[in-house]
Amino acid sequence: MAKNVGVKLPEDLITVLKTGKTVAVLATFSEKGLPHTTPLQCMYPKGAESLLISINKNHAGYHNMVWQKKVMLCFLDENNVAYSILGRAGVVRAPSLVHPLMNVVRIDIIDIKSDRSELTRVESGVRWNYTSWEAEELSKALMSELKELAQVL
């Protein structure tokens with residue numbers, strides 16, 4: 001049963017985000033009104049009321065969020081983390097200092113709802129691994145940039 005939990009990130013979600021190992025599904029709509037989803041791995045909380053994400057500037061999800069601004073993020077992870085976040089997106093760094101194809105976007109939280117079920121419990125979320133050492137290096141550098149920006153923005 002979904003229930004509203006406000007505009008501040010719950011502690012269990014902040015903990016998961018800080019690990020750098022969770023995946024969110026970003027939902028946007030195109031200018032033609034078509035739904036689009038994008039998995040995201042590089043995210044970091046900026047305080048309790050916003051998130052920073054790193055996303056490829058050529059991705060359809062990025063283009064949709066730039067013109068539309070409103071986005072939805074869905075999180076499912078271990079220890080029954082199950083949340084959906086409605087937010088407003090704004091580009092804060094383009095391009096990223098780490099890679100010229102990546103941009104940093106801040107998502108200010110409008111609303112958060114808990115999607116925990118009374119019938120089931122999320123035991124683990126999407127698990128992923130790096131495809132190469134270069135991918136690991138890039139991902140870690142992007143996460144470091146997000147952590148740094150979270151302190152200075």
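Helices (H or I, at least four residues) and strands (E, at least two) are DSSP runs, numbered from the N terminus.

This is a predicted model, where local features need pLDDT of at least 70 and side-chain atom pairs count only at pLDDT 80 or more, while totals for chains, interfaces and linings use all residues. Residues are numbered from 1 along each chain as its sequence is written, and side-chain values use heavy atoms, with hydrogens and water left out.

I start with helix α1, residues 11-19. Its buried residues are L13, I14, V16 and L17. They sit on the same side of α1, because they cover an arc of only 165° around the axis, taken from the directions from the helix axis to the C-beta atoms. Turned away from that side are the exposed residues E11 and T15. The buried residues of α1 pack against β4, β5, β6, β7 and α3. After α1 comes G20, with a positive phi near 75°.

Next, the aromatics. Rings of Phe, Tyr and Trp (its six-membered ring) pair if their centres lie within 6.5 Å; planes under 30 degrees apart count as stacked, over 60 as edge-to-face and the rest as tilted. The whole structure has one such pair. W128 and Y130 form it edge-to-face, at 5.1 Å centre to centre and 90° between the planes. W128 is buried at 19% relative accessible area, whereas Y130, at 24%, counts as partly exposed.

Conventions:
Buried < 20%, exposed > 50% of the residue type's maximum accessible area, 1.4 Å probe, protein only. Contact = heavy atoms within 4.5 Å.
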